[in-house]
Amino acid sequence: DSMITKRNRVLKRIRDVDLERAEEANELKLKMDERAHEQSERERVVQARIAEEQRVAQARRAEEQRRAQQLRDRTCQVCNRVFQNLNAKQQHYDAVHVFRCDVCYKEFDSSHSLTSIAMLYITGNLVGC
């Protein structure tokens, strides 16, 4: 009897230790799962920040490109003068950079071209443009 009792006590103790270790293993697994979830959440937050920073940078580049295009649109291509709006640029261009013949109303890009055509009128070598 005593051998069987000792054996049963030892087996019970082994089972108890096995149960304790199983509980500890389960607790460790829960902690590992929790830490993995926390790490995953941190990574998600970092990815969200990166995506937001990229979106902001892209929006900033688009705005810079839009402003650069507006500046190019308002800049006279002949003299590089910048105007407040497209209408002012066009008025400037027509007044300063377009030379119009008073006879045929043809437009020339330079005063030299207009003078050349005027000389042909004066000499009689040209009747109309």
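A: Cysteine 101 is buried, with a relative accessible area of 4%; here buried means under 20% relative accessible area, exposed means over 50%, and partly exposed lies in between, using a 1.4 Å probe and protein chains only. The model is a predicted one, in which local features need pLDDT of at least 70 and side-chain atom pairs count only at pLDDT 80 or more, while totals for chains, interfaces and linings use all residues. Residues are numbered from 1 along each chain as its sequence is written, and side-chain values use heavy atoms, with hydrogens and water left out.

Now to the sulfur of cysteine 101. The closest cysteine sulfur is in cysteine 104, at 3.6 Å, which is too far for a bond, since a disulfide is a pair of cysteine sulfur atoms within 2.5 Å. Cysteine 79 counts as partly exposed, at 36% relative accessibility. A search of the whole structure finds zero disulfides.

Let us look next at valine 98. This residue sits in the loop between helix H2 (86-97) and strand S1 (99-100), where helices are DSSP runs of H or I with at least four residues, strands are runs of E with at least two, and both are numbered from the N terminus. Valine 98 is buried, at 11% relative accessibility. Leaving aside residues up to four places away in sequence, valine 98 touches Tyr93, Glu107 and Phe108, a contact being heavy atoms within 4.5 Å. Arginine 42 is another matter: 56 residues separate valine 98 from it in sequence, and their C-alpha atoms are 64 Å apart in space.

Tyrosine 105, in the loop between S1 and strand S2 (107-108), has a phi near 65 degrees, a positive value in a residue other than glycine. Tyrosine 105 counts as exposed, at 59% relative accessibility. Asparagine 80 lies in the loop between helix H1 (2-73) and H2. Asparagine 80 is not a glycine either, yet its phi is positive, at about 65 degrees; with a relative accessible area of 56%, asparagine 80 is exposed.

Further along comes histidine 112, placed in helix H3 (residues 111-123). Histidine 112 is exposed at 60% relative accessibility.

Stepping back, the protein chain has three helices and two strands, and from the N terminus on its elements run α-α-β-β-α. The radius of gyration is 44 Å, well over the 14 Å that the globule rule gives for 129 residues, so the chain is more spread out than a compact globule; this radius is taken over C-alpha atoms, and the rule is 2.2 Å times the number of residues to the power 0.38. Along its principal axes, the C-alpha trace spans about 145 × 25 × 15 Å.

The totals for the chain complete the view. Of its 129 residues, 9% count as buried. Among contacts between residues at least 6 apart in sequence, 3% join residues at least 24 apart. The accessible surface comes to about 11,300 Å², of which 52% belongs to carbon and sulfur atoms; areas come from the Shrake-Rupley method with a 1.4 Å probe, and for residues only the protein chains shown count as cover.
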